[in-house]
Amino acid sequence: MKKLFVLSLVVLPVFVQGQEMMMKDSLTLEDLQLAVDNTAIELDDDNVSESSSCNVASLLTAGRDPFLNAASFNFNIARFRMRGYSADLSSLYMNGIPMNNADNGIIAFSSWSGLNDVMRSKDVSVGFAPNTFCFGEPGTTTFIDARASKQRRQTLVGYSYSNRSYQHRISFTHNTGFNSKGWAFSLSGSYRYATEGYVPGTYYYSSSYHIGIDKRIGNNQLLSVIVFGAPTTTGRQGASVNEMQLLAKTNYYNPYWGYQNGKKRNANESFIHQPYAILTHDLRLNNTTSLVTAAGVSIGQRINTGIDWYNAPDPRPDYYKYLPSYYQSDSTLYQEIQERLSNDENARQINWQRFYDVNRNSFETVHDANGIKGNNIAGKRSNYIVENRVNDSKRFVFNSTINTSVGRHLALIAGLEYQLQINHYYKTVNDLLGGDFYVNLNQFAQSEYNTNQNAIQNDITHPNRILYANNKFGYDYNMHISKGSEWMQLLFKFNHIDFFVAGDFSFTRFYRNGNVRNGLFADNSFGKSVTNTFLNGAVKAGITYKINGRNYFFVNGSWLTKAPYMEDVFISPATRNQIQTDISSKEIQAAEAGYVLNAPAAKIRLKGYYTTINRGMDVLRFYHDEFKCFVNYSLKNINEVHFGSELGVDIKLSKNVSFNAAAALGRYYYNGRQKAIVTADNTTTILEETTIYTNGFRVASTPQEAYSAGLAYRSQHNWFITATANYFDQSWISFNPLRRTTSTVDGLGNDDKLFHSIIDQEKTLPRFTIDAFAGYTLSLRNRHKKSKALVFYASVNNLLDNQHLISGGYEQLRFDAADRDVNKFPSKYYHAFGRMYFLSTAFIF
Amino acid sequence: MKKILLFFVLATTASFCCNKKFDEPPTSEIETITANFTIRQLREIHAYNNIEAITDDKIISGIVTADDKSGNFYKQITIQDETGGIVIKMDGSNLYTDYPIGRKVFVRLKGLFIGDYNRMLQIGAGKDNSNPAALAVTPIPSILFNKYVVKGSLGNTVEPILVTVDQLTEDFQSMLIKLEDFQFAPADTSKTYGDVSLASSARNFTIKNCAGSSITLRNSSYADFCGIKAASGKGSITAIYSIFGATKQLLIRDTSDIQFTGKRCNSTTLASLNIADLRAMYQTAPVTIPDGKKIKGIVITDKSNGNFEDDKLVIQQGDNLCGIVIHFTAAHNYSCGDEVEINISNLTLDNKNYGLQVCDVPLQNAVKTGTGQITARVTSISELVNNFKNREATLITLPNTTISDKTNKQWNGLLTLTSQDATLRHFALSTAKFVDQPYPQTQLKSITGAALSVNQEQTLMIRNMGDVDSTLPVPVTRADLIISEYIEGSSYNRYLEIYNASSTSADLSKYIVRLYLNGAVKAKSSSKLDTLIRTPSLAPNGIIVIKHPSAKAILPPGVIAYISDVCNFTGNDAITLEKNGTVIDVFGEVGINPGKSWTIAGNDNAAVDKTVRRKSGIVEGNTNWQQSATSEWLIFGKDDVSNLGAR
């Protein structure tokens with residue numbers, strides 16, 4: 001019976017705002033240990049790009065960490081990031097290869113989205129604790145063992161229903177275990193979809209597949225191959241300004257959709273399919289030494305769609321010039337526009353019908369088409385199209401790790417790693433929206449350089465190219481990134497003291513290769529850029545004092561440098577090879593210390609940490625409608641300090657009732673002043689070079705304080721129920737650096753209201769949520785005594801249906817410097833979903 | 001089991017195969033509305049410089065006759081019915097995508113306003129009371145377009161009404177009209193339709209027909225045709241008739257409205273005349289030049305440096321050939337080095353101040369045909385004096401010459417040139433840019449200028465400092481960009497003026513202005529000049545005005561000030577002008593904080609709430625601020641922007 005219950009814990013997925021993870025419970029120690037070990041954390045694509053991951057798991061192998069448990073189950077709704085770290089400061093290995101993208105360091109969760117049933121076997125370390133497979137990152141370091149023979153031998157069929165990103169999920173998994181000839185097979189798949197998700201105009205179609213084959217060779221070798229992928233199409237949601245949310249009377253106003261023939265059509269769709277094949281060879285050389293060698297290949301595609309337009313009014317329904325606030329000087333008009341926008345949904349959304357009407361009436365002759373003199377092509381020239389922004393990505397990874405013990409007291413682990421990633425970025429025409437063709441011209445260059453015929457050409461080798469559906473246009477370039485590293489870790493174990501020291505040395509190399517010659521940047525858009533090479537080192541060390549089997553103290557420290565990512569180095573890779581000046585690696589110093597109690601009736605984790613991250617770089621990019629082009633803010637000298645403490649408590653109150661609580665109390669600041677260089681995509685020169693007064697500004701988009709407390713009741717009769725209350729505070733909105741300069745506040749006293757409206761960073765209101773979970777397992781046995789089970793599960797998140805929780809937001813990067821009106825381009829926000837339910841059932845045999 | 005498997009294979013492939021195409025919508029149906037009011041009736045309810053709210057359910061209809069596709073119209077369309085035309089102001093760009101020429105529209109007038117802009121009638125959505133002397137209507141917001149301006153059928157045509165200029169009464173306002181047999185003035189045919197430099201927002205032309213009747217053609221500098229050259233022939237023009245106060249003007253939709261393809265009026269061919277032959281016509285009294293004659297030569301005077309009157313120039317036919325003075329009826333636009341062809345038919349040849357000249361030449365008689373260069377004749381003073389009649393109005397270089405005069409040792413007025421015991425007068429007008437500068441007091445390697453009879457006496461007139469070749473290093477003229485004006489006025493009224501004092505066009509990509517705050521040695525803000533004004537070069541005598549982002553002063557008409565943080569100065573900050581990384585001019589001293597303000601010409605509060613102008617004689621930068629502050633600047637009152645953009 002108990003076994004069955006554990007089984008139910010293992011197979012039931014929980015979805016929390018697009019993040020899928022193992023359900024929470026806290027009944028018996030054994031159950032919990034298993035549950036945590038099998039926690040599957042998954043992020044959907046939006047979350048990865050907009051906030052970042054919070055892959056958290058157990059701290060020490062000596063027992064489960066109640067803090068991490070709370071962080072993964074309860075804090076996700078607030079987009080909590082552990083210790084305020086960015087997503088690239090965590091890493092994940094699968095079957096021996098690193099799964100962080102080489103281009104931005106983010107873990108490629110979307111490749112195995114929906115495959116929780118076969119991605120359960122995990123090994124997690126936090127901070128700079130030692131681990132057995134890599135040097136590690138300041139955040140969490142996770143190993144997933146998805147090999148066929150590691151999967152529980154069972155067949156599972158499941159169905160779930162929810163009101164979140166998707167409504168329906170069906171899943172199937174079949175694992176054979178080893179047969180007599182040493183073969184093991186695993187097959188898993190799921191299909192999840194919603195024709196309309198929680199947010200209007202969004203939708204979700206995602207299938208996933210996984211095939212695993214293992215072959216035992218002799219008694220000391222295991223050869224494994226897995227192939228998996230998750231093609232997913234979604235209709236996206238855009239952040240919006242408060243004014244629009246009030247007019248639409250919902251905080252989930254989504255500017256990305258509009259009716260077409262009475263059906264909702266989303267202009268910002270995303271398609272992603274990044275499948276992987278991983279071959280792993282596991283060799284046990286002797287009783288104390290093993291060598292794991294793995295190679296992985298991934299060839300995939302990611303497409304985001306959007307509307308492109310040429311010599312036509314801005315198609316975005318929430319464009320600031322269309323809103324009432326743009327007409328504040330005329331109260332009659334203000335009211336008239338307000339009425340129209342609040343009464344007419346179509347006025348608030350994209351007007352597809354108008355795009356078709358405009359395109360069908362747009363008869364034009366393009367002269368010298370396709371670069372041929374006198375070649376005049378006439379027809380309906382689209383003013384609006386849907387474009388695909390494509391990234392074709394190829395990745396090859398190789399990794400080898402040796403793990404050995406020398407005597408009773410020393411364990412040595414060392415590894416070699418190499419990876420190569422090539423991304424190919426380009427645009428294609430998705431839909432001409434009723435027109436006959438589009439022309440490959442750069443509308444951003446047109447107004448400024450109308451005498452220079454070359455400037456407006458996206459590709460001067462093929463000027464005035466006529467575009468039909470699926471034709472490539474706009475930018476077209478490759479990014480080549482290669483990275484190699486070697487590392488070693490020595491771990492000494494004694495009766496009351498463990499200590500370790502580890503080092504890592506790596507190189508990173510990347511360059512851009514332009515495939516078209518852009519008219520504005522004819523000299524540095526085509527061909528190879530300079531190659532950027534970085535040599536980086538890292539060291540870490542730590543000591544644990546074991547008072548007894550229940551009480552531990554530990555201290556870890558580390559120093560490392562980290563190469564910048566190409567997207568933070570290239571100022572505008574879509575147009576040219578230009579890079580930031582004085583490029584440097586990031587430097588991170590981190591220290592942590594803590595106390596751990598592992599007693600049968602109580603578990604306590606108390607940790608403190610202090611981290612500095614220096615010399616970071618970033619490039620922010622946005623469309624400036626007065627310059628009529630993209631403007632880039634290149635930031636340097638981004639220094640951060642993160643410090644705080646974490647507490648996790650899990651206490652068994654009685655045979656059936658347990659109490660758990662967690663608190664993350666941190667402060668994440670920017671330290672010192674950043675430097676900004678402003679450039680535009682229609683000129684080669686620097687528009688502005690200035691200092692950003694960022695000292696003391698907060699790292700945005702995560703609560704810096706998060707608390708939870710909950711009670712769980714578990715019946716002997718195979719059911720359980722839990723309730724948890726959560727509280728989040730100290731969440732800040734991302735700020736526009738160019739608003740924090742001397743010129744924006746010149747002449748204003750620092751007690752001036754206007755001064756503060758420009759300078760101060762916005763803090764979102766604290767928030768409170770309640771979650772409840774319940775589950776029941778029905779055990780079935782047939783005549784052959786084969787165990788079968790039917791599992792039911794239900795959860796409600798945000799029980800109080802609080803729809804006013806801002807889950808993320810940013811200040812627009814434009815600032816009205818002339819009038820210093822911060823409300824002309826106000827901040828845009830996302831809100832956390834209201835009440836969410838999830839019902840699930842599975843049949844296991 | 002197998003069924004389940006099959007099901008999952010199907011489900012897995014579902015998202016590949018089932019991306020259905022969106023159904024293409026049919027074209028929008030045209031709303032059927034009937035007009036119950038005519039444009040003429042609407043116009044009649046308006047009184048000039050008044051704004052009337054329209055409160056009745058009146059609907060007019062009309063066909064769009066002008067849209068914003070070419071950019072010559074901005075935020076407005078013009079519609080016309082059988083009774084008249086009117087402008088509809090609409091707050092959006094690229095209106096042509098919804099309201100192209102030929103579209104029938106219905107305007108629901110209730111809730112709208114009718115007003116006029118300098119007597120040009122317009123419909124809008126609100127009142128703009130900001131200037132009580134010129135009430136205006138505000139444009140209809142984008143979100144309300146469909147509510148007020150209902151789209152009707154496409155592809156309708158409006159035939160332009162053939163008129164003469166005299167027939168154009170106010171009833172024709174905003175109507176599509178056509179004039180026959182018009183042409184641009186000869187001098188305008190070398191110009192582009194608009195001002196590509198965007199120095200002014202529009203360019204006006206006076207076009208004429210053969211009978212001498214004329215009208216203004218106004219083109220926006222933001223029109224996409226503004227870089228095209230004006231048509232050189234004669235023919236018909238189709239345009240929207242517009243007025244600006246009492247001025248009749250025409251607005252074209254694009255250049256296909258101008259069909260000046262025929263032969264120009266009176267285009268009898270002119271015969272070229274050698275300037276030597278022209279000079280020979282003169283004996284002692286004024287003569288009238290015969291009909292059908294033209295001359296051609298290269299301008300050898302430099303109006304831009306001020307040492308020649310702006311309605312006169314001297315052309316020389318070629319190296320060692322003759323030249324002559326041309327006296328226009330008004331100020332001309334030709335620079336030194338322009339090749340000019342002048343119709344001199346029936347004009348008068350007379351010997352007046354500066355020597356033999358063609359008098360009262362109408363500007364349109366001259367046309368620039370190219371550029372060229374005259375190599376000055378190198379000779380001695382005695383040779384020149386003896387052959388002055390033949391050398392008059394030509395370019396002369398006199399080697400080994402010494403300048404002398406009375407007392408002040410500056411260029412102004414009459415000087416004496418001496419070489420090998422012979423002497424010649426030199427004359428500089430008080431308008432010459434270099435007039436306040438000291439002349440070199442040692443023997444010159446050479447001096448170059450035009451030989452002219454100033455007040456009937458043999459004289460040389462140099463054009464600019466480039467004509468003076470000194471063996472001494474002292475007066476080396478490195479004329480370049482300079483900081484020519486500094487304004488620190490009330491509130492954020494802070495401006496800086498940069499002037500190209502050289503005689504060549506400056507490559508702006510080489511120049512950066514930087515601001516150093518409160519004695520700092522590191523620049524706070526910098527602006528590259530080409531980026532700032534989005535133009536690669538600055539012509540000789542060209543001026544750039546830059547301003548603080550919040551500067552609010554009303555500048556002289558036509559002066560554009562570019563926003564730069566470099567204007568973030570408060571009086572004690574240093575400004576430098578760099579060329580290729582080398583500082584060539586300063587205002588203030590980098591690294592020094594003078595306290596509240598720099599001291600200029602003895603005034604210790606000269607850089608706060610003041611306008612500070614570089615003296616007109618200063619044509620080169622001075623990196624020695626102490627020296628520059630003592631002698632090179634003039635101080636004016638607070639917020640005096642009257643001279644910004646001029647020098």
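This is a predicted model: local features need pLDDT of at least 70, side-chain atom pairs count only at pLDDT 80 or more; totals for chains, interfaces and linings use all residues.

Reader: Why is the pair A:Lys828 and A:Asp318 called a salt bridge?

Author: The closest N and O atoms of A:Lys828 and A:Asp318 are 3.8 Å apart. The cut-off between a side-chain nitrogen of Lys or Arg and a carboxyl oxygen of Asp or Glu is 4 Å, so the pair qualifies. The count between domain 1 and domain 2 of chain A is 1 salt bridge, and 6 residue pairs are in polar contact there, both residues at pLDDT 80 or more.

Reader: What makes domain 1 and domain 2 of chain A parts in contact?

Author: Contact requires heavy atoms within 4.5 Å, and 21 residues of domain 1 of chain A meet that condition with 16 residues of domain 2 of chain A; therefore the two domains touch. Between them they bury about 1,500 Å², 55% of it on carbon and sulfur atoms. On the side of domain 1 of chain A, the residues that lose the most area to domain 2 are A:Glu243, A:Met244 and A:Leu247, together 34% of what that side buries. The centres of the two domains, taken over C-alpha atoms, are separated by 37 Å.

Reader: How do you know that B:Glu24 and A:Arg360 form a salt bridge?

Author: Their closest N and O atoms are 3.6 Å apart. This value lies within the 4 Å cut-off, so the term applies. The count between chain B and chain A is 5 salt bridges, alongside 22 residue pairs in polar contact, both residues at pLDDT 80 or more.

Reader: Why are strand E38 and strand E43 of chain B said to pair?

Author: Pairing requires at least two bridges, and E38 (residues 511-516) and E43 (residues 574-579) of chain B have 6 bridges in the antiparallel sense; therefore they pair. B:Arg514 stands opposite B:Thr576 in E43 of chain B.

Reader: What makes E39 and E44 of chain B edge strands?

Author: The open sheet has the order E39-E38-E43-E44 in chain B. Strand E39 (525-528) and strand E44 (582-587) of chain B each pair on one side only.

Definitions and conventions:
Residues are numbered from 1 along each chain as its sequence is written. Chains are lettered from A and ligands numbered from 1 in the order in which they are written. Side-chain values use heavy atoms; hydrogens and water are left out. Helices (H or I, at least four residues) and strands (E, at least two) are DSSP runs, numbered from the N terminus. Domain bounds come from an automatic or database domain assignment. Buried area is the accessible area (1.4 Å probe) that two parts lose on being put together, summed over both. A polar contact is a pair of N or O atoms within 3.5 Å; within protein, one must be able to donate a hydrogen and the other to accept it, and residues adjacent in sequence count only if both atoms are side-chain atoms.
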